[in-house]
Amino acid sequence: MTNVPHSTDPTALADADWQPDSWSRRPALQQPKWPDAEALASVQRELSQLPPLVTSWEVEALKEGLALAARGDAFVLQGGDCAESFADCRPSCIADMLKVLLQVSLILVHGGGKPVVRIGRLAGQYAKPRSQDLEVRGGQSLPAYRGDNVNRPEFEASARRPDPTLLLRGHERAALTLNFVRALAGGGFADLHHPENWDLEFIANAELEQEYGRIVHEVREALRFMESVAGRSIREFAQVEIWTSHECLVLPLEQALTRRVPRREGWYNLSTHLPWLGVRTAARDGAHAEYARGICNPIGIKVGKSTSPAQVRELVEFLNPSGERGRIVLIHRFGASEIAAGLPPMLAAMDGLAAPPTWLCDPMHGNGQSVTASSDAAAIPVKTRRFDDIAAEAEAAMELHSAAGVPLGGLHLELTGENVTECVGGARRLSESDLARAYRSHVDPRLNAEQALELAMRLSHRMRSARGA
Ligand code: PEP
Ligand code: CO
């Protein structure tokens, strides 16, 4: 890290002053306390020599899709685990995640009648911000689990010690994940002609299955119709793309994957297509914003009731001074009970920006609740979210956006293709007494595939009636 004079005014930095490490002049929140600076620096050097995960032309193509969504001409589905785990870097988990993303997006295509831009929270979503630095259990206090890139979830001193070599393993696991996703998507698995490839075994709700079956049938018929009109197979329309995203949190890692590319200006973070700033690290004067301002990727920004609209406006202008379209994705997460008060002033504050941001609704992170999951063995405190709150926030978002005349550009969900019991409610009426049965997340509770499909169908009905279909 360079030793540059400290300045408190971010606008004092001319663009030429930006370097991948200039974030280190600013306060960096939510960074692990790495015990050995030299070990971290050595990992950073190694990472900076490794091949990247994505390319600059993919990043530019995603920005085009995001610009369409900002105008209401496409809809974004950003979804995946709260925190990916190294242990779940397995073919079945990855394929199931892809399946649920494809199924949900098919429902949204059908409902919205526009292209869906699919973005996974995957292939690098290995670092978490935490509200407490320490976790206390039975009188013992240890550093909080900060994601598999940093430490391990077991409540033991050795597991919780931040270990920079995990960043290397994370890069490798992300590469394995993305390689498999690309192979599946490119190899016909994601072909819209064959949505039967995406069936998840455990979906056992008759109503959901029937409705999903009907949607698949209609989409297939529409494809057949277009192909008979065109007189040829329209594979290029039927193939889908999956982009990647993760929270831009551990800055030495993001820095090491920030590269220049031939024949294009500027710097790209080539570890992911869409890095986002979490709600805890989105201060304009902070290190994360300073890092993000210098890269050419689109930038996601989480906003909620703790963020003031005027500050978000300043941050957006700071990160996108040239008004590039598709550059800024604002992901709002107010909570079902706060969105009606919080969202309209946030939308109004972005009025008149040269490039309208792409707005996504994250109906997950404002709706957390702490409850006790009791199993035969013990009563464990866990976080859950109620399906009804999640659906209510997403539905309110659709209405509030429409009332303000600002397109809702998409949805941001924590979901999994596995049959977990982490969120309560939904068609199977999961209750708190079900949570202990299959609670697998180490951080936030995810919608299981059935709950995700059910949510998508509810929203899709609204989309259809909004466009008079
Ligand atoms: C997350 O997306 O997992 C997260 C931590 O979100 P937020 O920054 O909105 O709390
Ligand atoms: Co989360």
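The mean positions of the 51 positive and 59 negative charges of the protein lie 1 Å apart. These values come from a predicted model. The protein contains 13 helices and 14 strands. With a radius of gyration of 22 Å, close to the 23 Å that the globule rule gives for 469 residues, the protein is as compact as a globular protein of that length.

**Overall dimensions and surface**

- The C-alpha trace spans about 65 × 60 × 45 Å along its principal axes.
- The accessible surface of the protein amounts to about 19700 Å², and carbon and sulfur atoms contribute 51% of this area.

**Packing of the chain**

- Of the 469 residues in the protein, 58% are buried.
- Among contacts with a separation of 6 or more, 76% are between residues 24 or more positions apart.

- Cysteine 82 and aspartate 444 link distant parts of the chain, being 362 residues apart.
- Cysteine 82 lies in the loop between strand S1 (75–80) and helix H3 (91–112), whereas aspartate 444 lies in the loop between strand S14 (410–414) and helix H13 (449–466).
- Cysteine 82 is buried, with a relative accessible area of 0%.
- Aspartate 444 also counts as buried, because its relative accessibility is 9% and the cut-off for buried residues is under 20%.

Conventions: Residues are numbered from 1 along each chain as its sequence is written. Chains are lettered from A and ligands numbered from 1 in the order in which they are written. This is a predicted model: local features need pLDDT of at least 70, side-chain atom pairs count only at pLDDT 80 or more; totals for chains, interfaces and linings use all residues. Side-chain values use heavy atoms; hydrogens and water are left out. Helices (H or I, at least four residues) and strands (E, at least two) are DSSP runs, numbered from the N terminus. The radius of gyration is taken over C-alpha atoms; the globule rule is 2.2 Å times the number of residues to the power 0.38. Buried means under 20% relative accessible area, exposed over 50%, partly exposed in between (1.4 Å probe, protein chains only). Contact means heavy atoms within 4.5 Å. Accessible areas come from the Shrake-Rupley method with a 1.4 Å probe; for residues, only the protein chains shown count as cover. Lys and Arg count as positive and Asp and Glu as negative; His and the chain ends are not counted. The place of a charge is taken as NZ of Lys, CZ of Arg, CG of Asp or CD of Glu.
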